[in-house]
Amino acid sequence: MAVLPKNETPIETLFVDDNQTIVEVRFQRPENHIEGFIVHMDNPEDEDYVQLMKWTTLEDLQRKHEAANKEKRDWQQKVENYNVLQEEINDLRHKLDNKESWISKNKGSAGGRIKTVYKDQDIMEVLTKTVSKEDLFAMKIQIFEQEKVRGSQDKVAKSKIRKAQSTLEVLAAAAPMLLGETQEENSE
Amino acid sequence: MAVRTPVYWDATLNSGSGGLREMTTAAITAIKTEAAHQYGLNPSVDLSTSSGTLLTTQTDNYRVAGADSTNVSTYVTPGGTGTGSANFSLYQNVESVSAPTFSDKEAPLYWTGTQLQQFSVQDFIDTFIDGAIDILVASSGPGTYYTSGLGSTTLFVDRVYDDARVGSSYVSDDTTQTVTYTEINNTYYLNQYAAGTSLGFTAPAGWDSTNNRIQPLADASFQSLLQEFVRYQAVQSSAGIRYAWSTSAPSGYETVNSRGATIDTQRSGTTQYNQFINGNDYRSRNFPTGGLTTTETITFYVIKL
């Protein structure tokens, strides 16, 4: 049942479906309207099929279809990457907001001291990254406030804590005191 | 309508000697179900997306980006977005099926109260085939059609403007050409329910005029007879099977059942994007954007006339 206008030139021919069984042949009409005609690609002897092959080839239709699909996939990947980036930015903003509110909430109640919070962070990153002097100092104060450290007579270890330049060094110096008493507790 | 109760040979009667017995309702239903199965093996009312008697056309309406506007000193309001449309057609093919007749042994027997009587052709239709048509137009009738989002024969494709082709990079392509990128929102397929397998039945007894004796038909022969009758009845303009694909349910028929729907949608919004080409060329274009709104819903129906 032929439907294609034969005396016009289409502006576009494209596979409609991913199974590549239907082609739409588009003609420009007045007032920015596109009139499309559907051609089923199951009968090469069909009059419309024959007419379509005068305008294009199956290879060209497939090439355009694959190119359009690739462009769509690339765009989706970009959107996905953008969304991931946005999530990371939002997450950082959230943490920053929380930290600031936590700081303002705890100033005064903790004698004006700033405590260090590492929630939801990669522990190895936390241990090895360079921290600010303020954060490092706050951490040392927290360590010294621990009963097991405060009650310890190990002056060498306490000196190491005071001189520590990173989170890892602070913990390494404090570990013998903390773990030693813990092991004693466990053995009791 | 003359619905008869056929008799069959029950070998358990008379202490194993056997005898004639009227069929139960369940046994008659089993024959109706077998008739529906036989229709599924060779349907006589068919649908096609490319040839036959036009049943309905659904238009896929989509929007396209408008033409660029260009100005030497500033961005000016571009023309509105455009439209596009393509028609998807469904065709119905009702086969020409000869009126069935009984040959020897084929007509089932029934007990009138005083004697055994052979079914007429109409008795056979009324007793077995009309019920088979009911089974066919109910849900999942073997060999009948439905539409869904899975399949291999495309019935309708709803396309919308591709949201990947929106933005300033699609403004400067060509000031003379409309941007017509579309993407598939949904594809609807035309499917047929499978014939399935025979659930079993008991063939009624018939009169063998060649040997002057009562004898049931062989199962395969009775199955052929059922298929011949049900194919014939399906094409009839009264109590036969037809399909519709329409915005509202057809009225005036014995049974009308929905078998899925196809939905056309379009993007609802418009967004202008600009592209600075150079100090003497400022271009703008309107793109279809935003969520999808339904333009038209067409429901696919199976009908018992």
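Predicted model: local features only at pLDDT ≥ 70, side-chain atom pairs only at ≥ 80, totals over all residues.

β2(A) and β3(A) form a hairpin in which three residues lie between the strands, and Glu31(A) in that turn has a positive phi of about 60°. These strands run antiparallel, joined by eight bridges, and His40(A) in β3(A) is the bridge partner of Ile22(A). Strands here are DSSP runs of E with at least two residues, and helices are runs of H or I with at least four, numbered from the N terminus; two strands pair if DSSP finds at least two bridges between them. In the hairpin of β1(A) and β2(A), with six residues between the strands, Gln20(A) takes a positive phi near 55°.

| Strand pair | Sense | Bridges |
|---|---|---|
| β1(A), residues 12-15, and β2(A), residues 22-29 | antiparallel | four |
| β2(A) and β3(A), residues 33-40 | antiparallel | eight |

Residues are numbered from 1 along each chain as its sequence is written, while chains are lettered from A and ligands numbered from 1 in the order in which they are written. Chain B averages a pLDDT of 93, with 98% of the residues scoring at least 70, and the model scores ipTM 0.83 and pTM 0.76.

Leu136(B) touches residues including Tyr39(B), Pro142(B) and Ile241(B), not counting those up to four places away in sequence, where contact means C-beta atoms, placed from the backbone, within 7 Å.

Terms used: Contact = placed C-beta atoms within 7 Å. pLDDT = per-residue confidence, 0-100.
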